[in-house]
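Have a look at the picture first, then go through the points in order.

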Amino acid sequence: MFSRNAFNTFRQASQNAAKRFSTQAGSAKTYNAMMGVSAAVAIGSGASLYYLNKNSAHANMEAEGLHPANHPFPQKSLFGTFDHASIRRGFLVFKEVCAACHSLDLVHWRNLVDVAYTEEEVREMAAEYQYTDGPDDEGQMFERPGKLTDPIPRPYPNEEAARAANAGALPPDLSLITKARHGGVDYIYSLLTGYCDPPAGVEIREGLNYNPYFPGGAIAMAQNIFDGVVEFDDGTPNTASQITKDVVTFLNWTAEPELDDRKKIGVKALLLFSSLTLIALWIKRNRWQTLKTRKIAFNSPKNWENKGSKINKN
Ligand code: HEC
């Protein structure tokens, strides 16, 4: 009696276990699917939070400056290089507009040769400026026309003079400006074209100008690019946006003069290293093929019990 009861209990238990096992097997699939969905939701919401955080409109925007739009400068793309005609026009804009206030200390006349101008053109442009040189045989400093080795002339002899002429604000050196500002070329382009009236309720101090792209909104530099402010010698329309695009391209070149060469080397390196990788994979297959394709077979001998230790003789 007792053993029969025990048997029944055991049977009941095992049946239950089997049932549970089968439902568990079913729910393992559901569990996996749910894990997959929640991982996708987690990654998706992380990505959207990141996107919203990057592109948010918030009360502090005035202080940080408006986020510049993305402009399709060719040099920004992976394999894109500078538009050298644009660098040429951009230097003209710099010389005729920006050079009144901004220095370009890291650029010398010779740097422009074969980038945007011929040597003769650069010699002529340099000779239009007077540089102090010396001392001569009598110990006197003297003035002479500029040469290829001279730097682009500065508008002010020192920082104090620059500040005094700009109501206390210092026009920064523009040699590396596209690297020195968050947003690079897009920021400089948006800044130069972004002047507008201040929104209602925003007071701009006397001598400052409203520009939503400048952190704080009030910039000491006034708008200085307008339609037709520069005449281009290649017939390009001289609209404000064209002039700005060209000067920004020029300033990007002064900050990254190696960009074209860097990308050329990059393409070569990609081609070289990807073909070396293919060759390496091919050699690896060759080296490993004897091991990878071998087959270990055990031929069971006929009547091996009778043959004793003479296995595999056939
Ligand atoms: C009349 C003088 C003047 C001229 C002309 C001028 N700037 Fe400026 N620029 C300034 C001053 C002053 C500042 C400093 C502004 C400040 O700190 O509020 C400045 C600042 C800048 C800045 C830095 C903004 C920042 O984020 O800090 C850039 C970029 C710039 N100028 C580009 C140019 C370009 C390009 C040109 C030529 C198209 C030009 N400027 C012409 C006076 C000038």
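1. Start with the order of the elements. Along the sequence the chain reads α-α-α-α-β-β-α-α-α-β-β-α-α-α, which gives 10 helices and 4 strands. Helices here are DSSP runs of H or I with at least four residues, strands are runs of E with at least two, and both are numbered from the N terminus.

2. A word on what you're looking at. Residues are numbered from 1 along each chain as its sequence is written. This is a predicted model, where local features need pLDDT of at least 70 and side-chain atom pairs count only at pLDDT 80 or more, while totals for chains, interfaces and linings use all residues.

3. Now the chain as a whole. Of its 314 residues, 17% count as buried, meaning that 20 or more other C-beta atoms lie within 10 Å of the residue's own; 12 or fewer make a residue exposed, anything in between is partly exposed, and C-beta atoms are placed from the backbone. Among contacts with a separation of 6 or more, 60% are between residues 24 or more positions apart. A contact means two C-beta atoms, placed from the backbone, within 7 Å.

4. Which residues does UniProt list under "binding site"? The unreviewed entry gives C98, C101, H102 and M221. They are spread over 124 residues of sequence, yet they cluster in space, with a largest C-alpha distance of 10.8 Å. UniProt positions follow the numbering used here, feature names are shortened, and annotations may be inferred rather than shown by experiment.

5. Two of those cysteines are worth a visit. C98 sits in the loop between α3 (84–96) and α4 (119–127), and C101 is in the loop between α3 and α4 as well. C98 counts as buried because it has 22 C-beta neighbours inside 10 Å, whereas C101, with 18 other C-beta atoms within 10 Å, is partly exposed. Setting aside residues up to four places away in sequence, C98 touches L174 and V247. With neighbours within four places left out, C101 is in contact with P155, N166 and P171.

6. Next, how do α3 and α8 cross? Their axes come within 7 Å and cross at roughly 100°; axes are lines fitted to C-alpha atoms, for helices over the stretch in contact, and angles run from 0 to 180 degrees between N-to-C directions. The two helices are therefore roughly perpendicular, the label for 65 to 115 degrees (under 35 is roughly parallel, over 145 roughly antiparallel, the rest oblique). On the α3 side the residues are S86, I87, R89, G90, F91, V93 and F94, and they meet I243, K245, D246, V247, T249, F250 and W253 of α8. By class that is 8 nonpolar, 3 polar and 3 charged residues. Nonpolar covers Ala, Val, Leu, Ile, Met, Phe, Trp, Tyr, Cys and Pro, charged covers Asp, Glu, Lys and Arg, and the others, Gly among them, are polar.

7. α8 (residues 240–255) also meets α7 (residues 184–193), with axes that come within 10 Å and cross at roughly 145°. The contact includes V185, I188 and Y189 of α7 and T244, V248 and L251 of α8. Its classes come to 7 nonpolar, 4 polar and 1 charged residues.

8. Last stop: D133, in strand β1 (residues 130–133). D133 is partly exposed because 14 C-beta neighbours lie inside 10 Å. Neighbours within four places aside, D133 is in contact with F142 and R144. D133 and R144 are 11 residues apart in sequence and 6.8 Å apart in space, C-alpha to C-alpha.
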